[in-house]
Amino acid sequence: MPEDAEHLPGAVGGVTRVGRTVRRPTGPWTPAVHELLTFLDHEGLRGVPALHGLDAEGREVLEHVEGRGVPIDREVVLDTVLEEAVAWLRDYHDLVEGFRPSGRRTWRGGEAELADGQIICHNDPGAYNWIIQGGHFVAMIDWDMAGPGRAIDDLAFLAWTAVPLYREIPAADVARRLDILVDAYGEWGPMTVLDAVVERMSTAADRIEAGQARGDQGFVNLGLLGEPQRTRDRVAAFRERIPAIEAEL
């Protein structure tokens, strides 16, 4: 590797930083993701790493965004950062409505075509994929899971780790931060989001399991963290907390 290469670990295998770029493995989904990223670049969406094609080893080359990640098990992001990230997600969803590729594309979840009422979701907008700089949300990274879905599914996924809903914090804090989330997005109420979270995170567990069965190395790596059973256990625990959260709303 080049002398300035640095491996940046991650749950699904990590990436290699080389200078001001990061290099990551590709897969059958890469052409569709690059088509999406090219569209977003042309449309001028902020907070998306610039795409620089492929390197000599066939890895995708992306801009390295300066800042820090969010260690979600040890940190609850500031209310202001939560609001900024949700506002960014709304901007992305509004913009990607104009990205309607004709015909089927191969995404990481398999071949699919956009259905009515669907957009190309990020599909993994958890707080662990945010970049924070100077106390502000500046970028959403790791686009390899992108694919067709519903906008509310992305919002629910974001809420899972950013409110956070996946671990226990005081119900009053959950209710307050859910209000911040729904106000920043401006589409659905908190009760609708709570319902969507159960469905979306159950689907996430199923997708991890299916990916492991396909031999997708990223999903196989998640098995070392106890997935998908860990997520299923967390969803079950979250269901038990919902009445207390609803009482605070």
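Trainee: What should I know before we start?
Mentor: This is a predicted model, where local features need pLDDT of at least 70, side-chain atom pairs count only at pLDDT 80 or more, and totals for chains, interfaces and linings use all residues. Residues are numbered from 1 along each chain as its sequence is written, and side-chain values use heavy atoms, with hydrogens and water left out.

Trainee: OK. How many salt bridges does the structure hold?
Mentor: It holds 23. A salt bridge is a side-chain nitrogen of Lys or Arg within 4 Å of a carboxyl oxygen of Asp or Glu.

Trainee: Which residue meets Glu66 in a salt bridge?
Mentor: Arg17 does, at 3.3 Å from N to O. Helices (H or I, at least four residues) and strands (E, at least two) are DSSP runs, numbered from the N terminus.

Trainee: Is Glu66 buried, exposed or partly exposed?
Mentor: Partly exposed, at 44% relative accessible area. Arg17 is partly exposed too, at 22%. Buried means under 20%, exposed means over 50%, and partly exposed lies in between (1.4 Å probe, protein chains only).

Trainee: And what does Asp55 pair with?
Mentor: Arg23, with N and O 3.2 Å apart. That pair also links distant parts of the chain, 32 residues apart. Asp55 is in the loop between β4 (51-54) and β5, while Arg23 is in strand β3 (residues 21-24).

Trainee: Buried or exposed, that Asp55?
Mentor: Buried, at 15% relative accessibility. Arg23 is buried as well, at 17%.

Trainee: Which residues are linked in a network of salt bridges?
Mentor: Arg24, Glu60, Arg108, Asp142, Asp144 and Asp216.

Trainee: New topic. At what angle do α1 and α2 pack?
Mentor: About 100°, with the axes 11 Å apart; α1 covers residues 30-43. Axes are lines fitted to C-alpha atoms, for helices over the stretch in contact, and angles run from 0 to 180 degrees between N-to-C directions. So the helices are roughly perpendicular. Under 35 degrees is roughly parallel, over 145 roughly antiparallel, 65 to 115 roughly perpendicular, and the rest oblique.

Trainee: Which residues in α1 and α2 meet?
Mentor: Leu36, Phe39, Leu40 and Glu43 in α1 meet Tyr92, Leu95 and Val96 in α2. Contact means heavy atoms within 4.5 Å.
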